[in-house]
Amino acid sequence: MAKITRKTAVRKSPVPKKKAKAKATKPARAAKTSAKTSAKTSLKAIRPKTVKPWTRAEIHEVFSRFRKANPEPKGELEHLNPFTLLVAVVLSAQATDAGVNKATRELFQVADTPQKMLDLGEERLRDYIKTIGLYRTKAKNVIALSAKLLTDFGGEVPRTRAEIESLPGAGRKTANVVLNMAFGEHTMAVDTHVFRVGNRTGLAPGKTPLEVELGLEKVIPAEFMLHAHHWLILHGRYTCLARKPRCEVCLINDLCRWPEKTGY
């Protein structure tokens with residue numbers, strides 16, 4: 001009888017533990033599943049299932065319309081020279097152009113070269129840019145990149161993507177903006193607006209900014225590349241809005257592949 005009692009105890013004791021584990025893990029699994037579903041849904045919200053691929057003629061028409069409406073588009077970050085442009089772009093990460101401009105108008109009056117920025121110093125620089133998000137880290141990066149420009153590049157902003165990306169606080173998007181705006185290179189800087197437009201319209205769907213960048217460079221005719229990223233940024237900022245796109249006034253409504261577009 002003792003053996004039977006022990007076997008019964010062994011059989012019964014794991015049962016409540018298994019049930020307890022199952023109850024404890026179900027919410028966690030449900031949360032993970034919900035997060036994955038949410039992420040996929042969010043991506044699908046701006047990435048249409050393109051039924052009809054864009055033709056070369058249609059893409060040419062899109063950028064012809066952008067050019068006609070705004071022949072010489074300008075970036076909205078205020079700057080005085082390639083160095084101040086570089087600093088402004090570094091400061092614009094996770095911040096608005098308007099917010100950056102408000103801080104840099106006074107800053108660039110006293111520090112418009114790498115040497116002047118070093119002379120200003122990190123502590124005083126923080127006072128100028130404290131209204132910008134992550135200002136402490138950004139101040140540190142701006143001082144460090146100013147020092148590197150002086151020691152490695154003779155105080156001049158370099159003209160290659162790799163060299164610009166080697167500077168503290170500067171990434172691929174920063175390099176593309178500087179190369180395009182300061183030196184007239186045919187680069188495609190992909191920010192949140194360009195990423196959204198590339199996916200939503202079906203022009204260059206991609207899961208990452210790099211995929212969208214390379215996709216746009218592949219399909220946009222060379223004659224439009226100098227201003228292409230400005231047209232797309234402005235289109236995303238003022239027309240193809242994230243939450244409520246203004247399809248009724250969109251220049252390319254009739255060509256856009258977004259299945260939820262309105263006003264056409």
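Predicted model: local features only at pLDDT ≥ 70, side-chain atom pairs only at ≥ 80, totals over all residues.
## Helix α13 and the spaces around it

By class, the lining of the largest pocket is made up of eleven nonpolar, seven polar and six charged residues.

The largest pocket has a volume of about 530 Å³. Lining this pocket are 24 residues, and those closest to its centre are Asp 97, Lys 173, Asp 191, His 193 and Arg 237. Three elements, α10, α11 and α13, each give two or more residues to the lining of the largest pocket, and among the contributors α13 gives the most, with five residues.

The second largest pocket holds about 170 Å³ of space, and its lining includes Glu 72, Lys 74, His 79, Asn 180 and Met 181, together with Leu 226, His 227 and His 230. Here the elements that give two or more residues are α10 and α13, and α13 again gives the most, this time with three residues.

The table sets out the volumes and the classes of lining residues.

| Space | Volume | Lining residues by class |
|---|---|---|
| Largest pocket | about 530 Å³ | eleven nonpolar, seven polar, six charged |
| Second largest pocket | about 170 Å³ | four nonpolar, five polar, two charged |
| Largest cavity | about 90 Å³ | seven nonpolar, four polar, three charged |

How far does helix α13 reach from its first C-alpha to its last? The helix, which covers residues 225–238 and has 14 residues, reaches 20 Å, close to the 20 Å expected at 1.5 Å a residue. Helix α13 is mostly covered, since eleven of its 14 residues are buried, and these include His 227, His 230, Trp 231 and His 235. The buried residues of α13 pack against α3 (56–69), α10 (172–183), α11 (192–201) and α12 (209–219).

Is Ala 182 buried or partly exposed? Ala 182 counts as partly exposed because its relative accessible area is 29%, which falls between the cut-offs of 20% and 50%. Not counting residues up to four places away in sequence, Ala 182 touches Pro 82, Leu 85 and Val 177. Although Ala 182 and Leu 85 are 97 residues apart along the chain, their C-alpha atoms are separated by 7.7 Å.

How values were computed: Residues numbered from 1 in each chain as written. Heavy atoms only, no water. Helix = DSSP H or I, 4+ residues; strand = E, 2+ residues; numbered from the N terminus. Expected span 1.5 Å × (residues − 1). Buried < 20%, exposed > 50% of the residue type's maximum accessible area, 1.4 Å probe, protein only. Contact = heavy atoms within 4.5 Å. 1 Å grid on protein atoms, 1.4 Å probe; cavity = no way out; pocket = protein on both sides within 12 Å on 5 of 7 lines; lining within 4 Å. Points joined across faces, edges and corners; volume = space filled by probe spheres on them. Nonpolar A, V, L, I, M, F, W, Y, C, P; charged D, E, K, R; others polar.
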